Amino acid sequence: MTQRITIDPITRLEGHGKIEIFLDKEGDVANTYFQIPELRGFERFCVGRPVEEMPLLTNRICGVCPEAHHMAAAKAADMVYHVDPPRTAKMLRELLYMAFYVTDHATHFYALGGPDFVMGPDAPVAERNILGVIHKVGLEIGGKVIAARKAGHNVVEMIGGRKVHPCTSIPGGLTKGITEEQRKEILEMGKFAVEFGQFSLKLFNDIVLGNKAYVDLILGDIYTHRTYYMGMVDENNHTNFYDGKVRVVDPDGKEFVKYAPKDYAANIAEHVEPWTYLKFPYLKGVGWKGFVDGKDSGVYCATPLSRLNAADGMATPLAQAEYERFYSTLGGRPVHQRLATHWARLIELLYAAERWVELASDPEVAGPNFHTVPTETPTEGVGIVEAPRGTLTHHYTTDERGVLTKVNLIVGTTNNYAPISMSIEKAARALIKKGTVVTEPMLNMVEMAFRSYDPCFGCATHSLPGKMPLEVTIRDADGNTVDVLKQYC
Amino acid sequence: MSDKPKFAMYWAASCGGCEIAVLNIHEKILDVDANFDVVFWPVAMDAKYKDVEAMEDGSILLTLFNGGIRNDENEHIAKLLRRKSKILVAFGSCANEGCIPGLANLSSTNEIFDTYYETVSTDNPAHIRPQYRYQMPEGEIQIPVMYPVLKTLDQVVDVDYYMPGCPPESHQIAAVIDLVVQVLQGKAELPPKGTVIGAGGSTVCDECNRKRNVKTITSFKRIFGQPIDPELCLLEQGIPCNGIATRSGCNARCPTAGAQCIGCYGPAEGVVDYGARLITGFASVIESKDPDQIDAILDGIPDPTGQFYRFNLAGSLLKAGKPAWKRNGGNGNK
Amino acid sequence: MEKIGVYVCHCGTNIAGMVDVQQVAEWAAAKLKRRGVVIGRDYKFMCSSLGQELIEKDIKELGLTRVVVAACSPHLHENTFRTACKRAGLNPYLCELVSIREQVSWVHTDKDQATAKSMAVVSGGVERVNYHAPLEPLKVPIHPDTLVVGGGIAGIQAALEIADAGYKVYLVEREPSIGGHMAQFDKTFPTLDCAACILTPKMVQAGTHPNIELLTWSEIEKVDGYVGNFSVTIRKKARYIKTEDCTGCGICWEKCPKKVVDDVFEAGMGMRKAVYTPFAQAVPKYPVIDRPNCTYFIKGTCKACEKFCPTNAIDFNQEDEIVTVNVGNIVLATGYETFDAKRIAQYGYGRLPNVVTSLEFERLCNAAGPTNGEIVLKDGKTKPKAVGIVHCVGSRDKNYNEYCSVICCMQGLKFAHLVHERTGAEVYNFYIDMRTPFKGYEEFYQRVLEEGTHFIRGKVAEINDAARTPDEEGKLIVQVEDTLVGVQMRIPLDMVILSVALEPRRDAKETAHKFGLSCSADGWFIEKHPKLDPVSTMTEGILIAGCVQGPKDIPATVAQGAAAAARALGKIHAGEIALEPFRASVIEEKCSGCRICNGLCPFNAILFHEDRMVTEINPALCQGCGTCVAACPAGAIVGTGFSNEQILAQIEGLLLLNVGEEAVPA
Amino acid sequence: MNNEQFEPTIIGFTCNWCSYRAADLAGTARMKYPPNIRLIRLMCSGRLDPTFVFKALTGGADGVMITGCHPGECHYLEQNYKALRRFHLIRRTLKGLGVEPERVKLVWASAAEGVKFTNEVKNFVEEIRALGPLNWGGVGGNGHPIAAPITEEVPA
């Protein structure tokens, strides 16, 4: 006799999932498959386009983090033309990027990941969303969230020309600078962002860390994986989102490798499975051993948590303090508990806000010298930034006119495809046992595993059109379908 | 359930920028909450697909549909929402004209696979390609079938209104929400079916403050190749700015920011083929009567096809629908 | 939905012979119902009054709102059918004439294919006409003054006709005097009356006519405007003569020390002075000073003319004068030039002194010419004993001009007669074909035959002075094959006259461009219709007369001059003209002021309002070419008569059979 | 394609003042050319909107012939040069779209050149025949009459 299990779809992540769960004779989980169902083909159709369009075209890979693609593309294009943008240009780009980080992390914590904690995993569905959060924490705080996002978007617009899909980065710098007035305005907004960062961490303290159940949940085994961690660092091995080298630490927190963008292909490879459109990146130096964690598996993770694990500290004081509190609370680096990612994310938010203020305080950011005209013949370039959802790599080759002949992209969430699959399977195994009647809150806890990565399949599916419908199919040992649950959002 | 009119927003093959643009109306989002019962909005709230199926046809008042139609699942839900919605709005460039992902219509499915699964960083000695149906030890699993071309929403279902932009500008979204709210309160009328909403009736130049003269083009230049005069029309500086043919409504954001318009708002009112308008606009004012010289000048546009159809390819005369479908590996008789 | 009537013409067998017209009509009625076709008829001659009545009847009885006629080229009968619709109360522009004769039945050879194509053409018309809109012709007032360009017999005739009717004429001539080529001739065929005797009275008339303003020694600089309302800029070249004081007494050219070869009027056969009138009866009588040759202008001293001028009419400080005149119509009668015989080296022209061109010979036998009418050799005294006349020099010749210059045969006969009469010499006509149509010409041919002139049918191969036999010594030898008897001949002669071709003016293309006309491949101006409208051009208000339209003799030239005048007079009398209402206009809300179109109009019909940042089109200046409509990137410019909707629909219609009738929704 | 010879469909855009009259002249002179071409009369080649070319190719034409007055002889003085420029850019764009640029041809023919017109049509028909049919079917994107949406389901 086969049990019918109803499961609600994974939502509130910027993308959808298609999960196949197979049960064995005992009705335990035998295997799960997490599939990405679509392919968009940017690598193909960007070929033939002029390279200076990449910051505009690749924006459209992901409307959630277009700024990340805009920056990675701009940096790759700089390298293609062998041009080093003037200091003002670099500062402007990073400033835009910091403002974006604040809005993006805020969006995730309050609208996507946050509700699990603010409302609690077992809160009624209708309330487990941003409106619910606002209702619970109060309109005044809701207003703060909205104000913070607004501030970030205003900066993105001032420097990037548009709120979504910025348009000002070109090989050698930007098409425009900012005025001194704008700088002051941006500085003020930055100060507000810092407050907001501190406030958000306090909220996390009170609601989450103050609640033992949540802390246990975070520290519980369901949400733990021992993998390698990746993140970009500056010359002091402090987290940096815009520029630097990519550092990877092993499950014990020891540096495994630190590579410059141009060497990415020597360190990262992508594994292909026939049952999904998306590829599985892994550490070349370790090799692909399948969906397993541990030191011998090339599977790595690139998330806010990973970035903290991969760095020796934060480059700004307030964030550094939180960084230390984070590890002392959770028992030292590296932290393997995925749910801690939400906390790490807030620490990054604070860092971004502080960096925002730093940059906006330097008058040179409003200087007139925001572009260097490229003079060299274009050839090849790699641009890497830390997207909120993981290390983002753009690699271009062009002909002598700067028209693309080769494009390769390894995108934020993609880095985490393997670990996400593992987390889902682990959660499923923990939850679906011998005919358990699966409850909605319990399933939301599966989703929480998923959601901690803040997976963005707009990004991951850069190679895919849009979002993944979630389809959970549960089958018995004979392969008969016990139930198919389709969710097209 | 409240008796407020029902609102839904869905993303098919899109980047999510449209959702963000909607979130970016900031306080206005509370108006949506106040005036609508949001029944379906994947990015912002939990939702049950089966609930949507269970709804009466036409019971959703307003659905903003963004994203293009890349596979059978996209088309399936497009049809479902069409059935359930009184007003279906093609929201954003993807749903309107295919947007950047529509550039995929230049290549066949296999060409896309052969590129993506063989990149420099890909470890694929067996040249594995995704299988729509695949036999695992535990049983067969499937992934949706990718269409040979990306289609626009009105190529698969009947569309009531079109709202262009990549993404639509937040102030335009806010304006449309105001309008709908006013209609709900009986203070305003809905525009006729098929109307383009949340945009202007002219082209970007209409909102662009750059100085303009009688146009003649002696050469085309790349945006990064030289200093740009911040005052003068970009096209007159030789920068192939698409503003002349692109629908107004964005406040000429890109030209104002010193970047050429790339055309995300699509064709102006009543235009049949967006690219054709640009071709004729650019070509008509080339300053030469000599074929060779004309060619030399046109060499300044390294990628005419991308230049003229960047956002519009899936909605263009030549690359839309059946023929391209066939050419890209689909069965032309479909 | 429109109610469309489709009418397919048999044109006797012209169409019906190659197209199953009945099938086409029935197909349209059946298959194009859903596109609005309510009736499809075929008829023997749609353009006949009965055919037109058929349409009118249906319009009234079936309430047709659109009409498609499939017949001959719209250039022939578009108006016919529009007028028919108008009579029946349907706006004429709701009628579309599609061509299945010139473009189907006459050019195709397979009846099935021709019938299929006709269907396509008809459905194209049906789709198109669905998008037609009622239009009203554009009324333009006609300025009563007229400009005549060219003071030859054609121009003079046209000018006199109009002036006599009481309207003002500006007669512009490039040379110092009117008269043109005819003034250079001695006799005119076939009547042999003296050219001067019949021409000079007309010249005087023109010169003194109160309604004619002569502008000789003048050239057209620029033409603006449109029919009814041209504004023409004319350069009056400096004469260095105060015409108000000059009496034309002639003392100045008597006294002028500088002799110049006159290669215009005397065709290089005679001399003139640096201050001169081309000929005695010149009109106007005032001379001009030929600046490049005038000693004073070259050396800075002389002024003989000034010293002796009894009325102090000489003025070395005169400068070119620019005048602008406004006229409603323009008659172009700029005439022709003669073929340069040097181009045919084997005829020895320019090398052999006694090989002369027809024009030179005209001067030679002209009583007022360099030899006072004595036909003598280059030595100036010897009378020729044998003279040859070579026809078609530069005409009917693939290497030069393929056309026939029309006048050469009669001119050759005329010369033969004159030579015979004045020298008694033997005369040989070397011809390809003798062409003597028209009144009295053939009789003249007979007369010359009877005078004993030799006619040798054959194209002259070579003319040289390389004697082979004693009797050839000092002679010109003409080598020719008499193709009638098939023998090669060497004919020793004293003088050979080359009947050189008439060619378009060297600057014909420039002139055409100035006036917005088009030239044929040969360079002659193209008339509106070769048969039915040989005096009008494609450009409303600009008429052509004389050889500018193609080679012709004096009677034909005079007739065409008069015809052109009549045309102009008709318009002037009507006071206004109705123009095809095909015009472009800007939809202001759509115009973004991008200024793409601003530089595209050669007629300056497009203006830009800086204040409102929008473009506007002046309908009176717009010629309806549609270039701006096609160019507007915003689709903000619309054109009546050839709108996007109409053309796109016509494309769909033409391709209907390719995609299947059902593809087009009702 | 079956083995019987391919009969291309060609849309020809003619200028009211020159090439259309050249076509008339070809007719009055009873010159012969294949029936594959169907003519549309424009007032001037300058009226040629690239949309017309794309429309024709999308609507079932295998080739498009653009004709106008010879350079310098345009009835509207110089509008044919605008057609020339557009023609060049149309060809470049078609190439990128995967359509052989040779399917669009520009021919200058004066009102007097009935013979030239006839020969150009003959040649072009053969050129297109050699290229084979344009597998472009008949569907356009922006809601024009023939642009019927595709609604076929693909089995998942």
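**Chains and contacts**

Analyst: Of the 489 residues in chain A, 73% count as buried. Keep in mind that this is a predicted model.

User: How many helices and strands are there in chain A?

Analyst: Chain A has 15 helices and 15 strands.

User: And what is the accessible surface of chain A?

Analyst: For chain A it comes to about 13600 Å², and carbon and sulfur atoms account for 55% of that.

User: What share of the contacts in chain A is between residues 24 or more positions apart?

Analyst: Counting contacts in chain A with a separation of 6 or more, residues 24 or more positions apart make up 71%.

User: Now chain B. How many helices and strands there?

Analyst: Chain B has 12 helices and 10 strands.

User: How much of chain B counts as buried?

Analyst: In chain B, 69% of the 334 residues count as buried. The chain exposes about 10500 Å², with 51% of this supplied by carbon and sulfur atoms.

User: Why would one say that the radius of gyration of chain B agrees with a compact globule?

Analyst: Because a compact globule of 334 residues would have a radius of gyration near 20 Å, and chain B has 22 Å. Along the principal axes, the C-alpha atoms of chain B fill a box of roughly 65 × 60 × 35 Å.

User: What about contacts in chain B between residues at least 6 apart in sequence?

Analyst: Of those contacts in chain B, 73% join residues at least 24 apart.

User: Switching topic: which chains have the most contacts between them?

Analyst: Chains A and B do, among the 4 pairs of chains that touch.

User: Which chains do not touch chain A?

Analyst: Chain C does not touch chain A, and the nearest C-alpha atoms of the two are 22 Å apart. Chain D does not touch chain A either, with nearest C-alpha atoms 9 Å apart.

User: How many residues do chains C and B each put into their contact?

Analyst: Chain C gives 20 residues and chain B gives 21. Between them, the two chains bury about 1500 Å², with 56% of it on carbon and sulfur atoms.

User: Which three residues supply more of the area chain C buries there than any other three?

Analyst: Those are Arg595(C), Ile596(C) and Pro633(C), which supply 34% of the area that chain C buries against chain B.

User: Let's look inside chain C. Where is Ser118(C)?

Analyst: Ser118(C) sits in helix H5 of chain C, which covers residues 111-130.

User: Is Ser118(C) buried or exposed?

Analyst: Ser118(C) is buried, because its relative accessible area is 0% and the cut-off for buried is under 20%. Apart from neighbours within four places in sequence, Ser118(C) is in contact with Val19(C), Val24(C), Ile100(C) and Val104(C).

User: Where does Thr537(C) lie?

Analyst: Thr537(C) is in a loop of chain C, between helix H14 (508-515) and strand S29 (542-544).

User: So is Thr537(C) buried or exposed, given its relative accessible area?

Analyst: Thr537(C) is buried, at 2% relative accessible area.

User: What is Thr537(C) in contact with?

Analyst: Leaving out neighbours within four places in sequence, Thr537(C) is in contact with Leu517(C), Ile526(C), Lys528(C), Ile542(C) and Ile544(C).

User: Last one: how far apart are Thr537(C) and Asn399(C)?

Analyst: Thr537(C) and Asn399(C) are 29 Å apart from C-alpha to C-alpha, and 138 residues apart in sequence.

Note on methods:
Residues numbered from 1 in each chain as written. Chains lettered and ligands numbered in written order. Predicted model: local features only at pLDDT ≥ 70, side-chain atom pairs only at ≥ 80, totals over all residues. Heavy atoms only, no water. Helix = DSSP H or I, 4+ residues; strand = E, 2+ residues; numbered from the N terminus. Rg over C-alpha atoms; globule rule 2.2 N^0.38 Å. Buried < 20%, exposed > 50% of the residue type's maximum accessible area, 1.4 Å probe, protein only. Contact = heavy atoms within 4.5 Å. Areas by Shrake-Rupley, 256 points an atom, 1.4 Å probe, with all protein chains shown as cover. Buried area = accessible area lost by both parts, 1.4 Å probe.
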